[in-house]
Amino acid sequence: MPLKVKVPLIVTVVFLLVSVSVIIAIAYVQIHHEQALSPGLKYGIVLDAGSSRTTVYVYQWPAEKENNTGVVSQTFKCNVNGLGISSFADEPEKAADNIDNCMKKVIDVIPLNQQNSTPAYLGATAGMRLLRLKNESAAQGVLTSIENYFKTQPFDFRGAHIITGQEEGVYGWITVNYLLGNFLEKNIWSMWVHPDGAETTGALDLGGASTQISFIPEKSDQNPNSTVEVTLYGYKYNVYTHSFQCYGRDESEKRLLASLAQAFSGFYYTASALNLTGNFQLNEFNSSMSSFCSHEWSKLPQILSKFDEKYARSYCYSANYIYYLLVHGYKFGIESWPQIQFQKEVGNSSIAWSLGYMLNLTNMIPAESPLILLPMRPTVFAGLLFLFAAISLLCLIFLVVLLIRHARENIFYL
């Protein structure tokens, strides 16, 4: 083959091979080196309108969720000053004014671009349930005032509702078991999985106006009318729950005074006054209660780490009331309480029905797919692909022309 044909042939083949190699390389990188970015966080707001006060919680969870349920964490908490919303029966417009200070703080917590899509819920508990029984129009007036207030807020308000005692009990049970890691845990590969052999924990919620008890019964057919099925992270749970209206700490004390203080924290603060922390036996509680109640009133400021007359006067009564609830647990379907633990928080999350409420609601909030980040923008990738494909095509055409011309010259010489 003459040198004048051989050199262009070699150069063209080299260009062709380089172009094909570049096409293969950029296609491989674009397909196999994409990055899946988290779509970010979703937020939710729950206002826990209890009988004695209202608490505003902000929760967040990764938008992609785990088996249809969000991995929720508490990111903000604000205690509203003053009494619960049921105390505004005669002046319902003031119920909304009362929560405004906390909502202004919430606006600073949630990113501006997500506020319009952030759901907000208000759940009222036993205080409003009692008000509705006494004066339904007054209760509705309070809820309407709050709904009108949220029309001026940037959030996606889903309504102000009076939740049932059964709902309050179930959501409280969900909160307790979620925070104890009975639904979900991370394995050694940092993936969320269902805990192997995990057992759930029963929950007692001593509120101001009602008391809730919730647990998984030993027999699935026990008390079917009081059993609620919930689905969390792909698993179903049949939870027995019962609410005892007017058997909260405040309401029971009112009945006691007439005949002669506030959530899971009602247990917690009473146990703290008795100097009980962590896990303890029922007899320890009884012993500490007897010792505390035997002191004179004048000694309490020295005994209590933080003396507040409003609460101090109720500790002895509350302790006896709690002890009665625990001793007579068989009436609720529980034979014994081998070990007791009173807590108001686990980590940075408060033990309140509102977290369980938010967890359950995430089942109805659509998940978002991860965002795919490609190594090259589609326009750049398409441009490079077109450029090197054109070069390859030109090289092929040149090779064909070169080989045909060389073949004709050989035939001519023959």
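The torsion about the S-S bond of Cys78 and Cys102 is about -75 degrees, so this disulfide is left-handed. Keep in mind as you look around that the model is predicted. The sulfur atoms of Cys78 and Cys102 lie 2.0 Å apart, and theirs is the one disulfide that the structure holds. The bond links distant parts of the chain: Cys78 sits in strand β4 (residues 73-79), while Cys102 belongs to helix α2 (residues 93-109), and 24 residues separate the two.

How accessible are these cysteines? A residue counts as buried when its relative accessible area is under 20%.

| Residue | Relative accessible area | Class |
|---|---|---|
| Cys78 | 6% | buried |
| Cys102 | 2% | buried |
| Cys395 | 9% | buried |

Now let us turn to helix α8, which runs over residues 282-293. At 1.5 Å a residue, its twelve residues should span 16 Å.

Which residues of α8 are buried? They are Phe285, Ser288, Met289 and Phe292. Around the helix axis these four cover an arc of only 105 degrees, which means that they lie on the same side of α8.

Definitions and conventions. Residues numbered from 1 in each chain as written. Predicted model: local features only at pLDDT ≥ 70, side-chain atom pairs only at ≥ 80, totals over all residues. Heavy atoms only, no water. Expected span 1.5 Å × (residues − 1). Buried < 20%, exposed > 50% of the residue type's maximum accessible area, 1.4 Å probe, protein only. Arc of directions from axis to C-beta. Disulfide = S-S within 2.5 Å.
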